[in-house]
Amino acid sequence: MIRYTTNTKNSLVQTVVNAHLLTRDNQVIQGRVNIENGIISTQAAGHTSFALCLLFDAGSAGRLMLQTSILPPRDEPYMLELELARHRIKSFLDMSENWSLFHLSDENPAILRWEESRLIFTKALVAVDQDEARELACKALELSIDASERLTMAHAQILLHRRYSKKPASSSTLGVRVEVARFDQPLRDLLDKHVDIMTIPMRWTQIEPEEGTFEWGNIDRWVKWARDHKKYVIAGPLLDFTIKDSIPEWVKVWEHDYTTFRDKCYDHLERVIHRYGSAISFWNVVSGININRYIRLSTANMVDLVRTAALVVRQARKGTKVMIEIAEPFSEFVATIPDACSHSVFLSRLAQEGIRFDALGVQCLVGIDGGRATRDLMQLSARLDEFLHVEVPLVISALGAPSETIDEEFGWWKSHWDEKRQEQWAGQMLAIALSKPYIDSVIWSDLYDHNMMDIPTSAFVSESGKPRAVLNRMLTMRRRLTKPLGPLDLPKRTQVDKESA
């Protein structure tokens, strides 16, 4: 058992929101986390040393998922705030090495912030008064997160200019997901003028709400429009395990009879591919199957269903591309869902079985539930780096954040979510994602607000039809990448207190 003391005045920590345990390489493990009288107790069967990760209010840095280092048990409880700061200060050094950024000048804002946080952390270590130590640790944590985000953006800008210094980006680099329920002319005009790649969801419950009853009209008109306007389309997911109501109830009842369940999935896949195969050449066949939240499958059956889906698509039309999608890349669900499989284990299993796909989709959504509480930029960038060795191109298949705070327990970045904060986050994340040479495209989560969206209020266009600032940020990035970026000038000391772009 490992114990932490924490500030009992912090109501957020009193309930240890979204708390889970981690081992080496940030692998999530099952365990128990409880809090009583300001003492957090953590325990994991088969493990003596592990890290604690939970939602924490880090002041001006935001309300974020943060973690301690891996710690051994001891009689005296650790101070939570001190250990969160220790881990982040160390992470700055680790990422500096991983990203080969030790050449940054001592005048660089990231280095200056880190040095300041380190000095305050040292004061916290030697402080006699516990309240003073806790206050200093919180300040060190706040500054170290700011330092790590500045380091992340310096790394992103270096790679972005390296990638596009002499050539522009492809027109299919930036896109958006289009829910098929609306077909308004203003929405089509926006897509026609500014978007070359789009995702068209194909939810089974919308296509076949009752067994044998089909409703194709909404999808038909969007597929026809995309073909007529020469838009590149990613269709799907055809089997979506991330949403409770995406797979019909009359199919879910067979989850304990895998053979029957697979046959029904096969029939559905074949039906959809047969209808749209001549118009679409890129299919997202399966999303979030490793989560096991709404439909329980063994890992062997997960792998078999992916194999089946890929086979159906490739048999239907030669040259068709197949994508599978990772819905929650931090894999927090492993801590609470029996037989769930982390993305790394799942992808390794697919590779061992020789299952081939042409692209890997990764959702990058924050500010909501389902293991997608808000994280800082360094954590998001580092997690994307873990997909570097996947042998196929990566697509950020859903990038998004809300334009208003949905629930305080889902966190926020720097301050409560609003349209301005959403726009700033999007600008930073677009630069981070596109700086990585193995990421081919970035798809924003939604074109317009609707009741089926993953993140309420995250779309380019609000429910009232008003464009949000995030749309202009996406279009600005698109225009910026239509020509080479040229050389990069890194920020100097005088810029340390300026707001990030």
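Tutor: Contact here means heavy atoms within 4.5 Å, and the structure we are reading is a predicted model.

Student: Which residues of H2 meet which residues of H4?

Tutor: Among those in H2 are Leu-82, Ala-85, Ile-89, Phe-92 and Met-95, and the residues they meet in H4 include Ala-137, Leu-141, Ser-144, Ile-145 and Leu-151. The residues of this contact divide into 13 nonpolar, three polar and three charged.

Student: What makes helix H2 roughly parallel to helix H4?

Tutor: Helix H2 (residues 80-98) and helix H4 (residues 130-164) pack at an angle of about 25°, with their axes 8 Å apart. Angles under 35 degrees count as roughly parallel, and therefore H2 is described as roughly parallel to H4. In passing H4, helix H2 makes a left-handed crossing.

Student: Why is Glu-116 called partly exposed?

Tutor: Glu-116, which is found in helix H3 (residues 109-126), has a relative accessible area of 34%. Buried means under 20% and exposed means over 50%, with partly exposed in between, so Glu-116 is partly exposed.

Student: How do you know that the buried residues of H11 are on the same side of the helix?

Tutor: In helix H11 (residues 343-352), the buried residues are His-343, Phe-346, Leu-347 and Leu-350. They cover an arc of only 95° around the axis, which puts them on the same side of H11.

Student: What do the buried residues of H11 pack against?

Tutor: They pack against helix H10 (299-316), strand E14 (321-326), strand E15 (359-365) and helix H12 (377-385). H11 is followed by Gly-354, whose phi is positive, near 70°.

Methods:
Residues numbered from 1 in each chain as written. Predicted model: local features only at pLDDT ≥ 70, side-chain atom pairs only at ≥ 80, totals over all residues. Heavy atoms only, no water. Buried < 20%, exposed > 50% of the residue type's maximum accessible area, 1.4 Å probe, protein only. Helix = DSSP H or I, 4+ residues; strand = E, 2+ residues; numbered from the N terminus. Arc of directions from axis to C-beta. Axes fitted to C-alpha atoms, helices over the stretch in contact; angles between N-to-C directions. Parallel < 35°, antiparallel > 145°, perpendicular 65-115°, else oblique. Left-handed = near helix turned anticlockwise from the far one by under 90°. Nonpolar A, V, L, I, M, F, W, Y, C, P; charged D, E, K, R; others polar.
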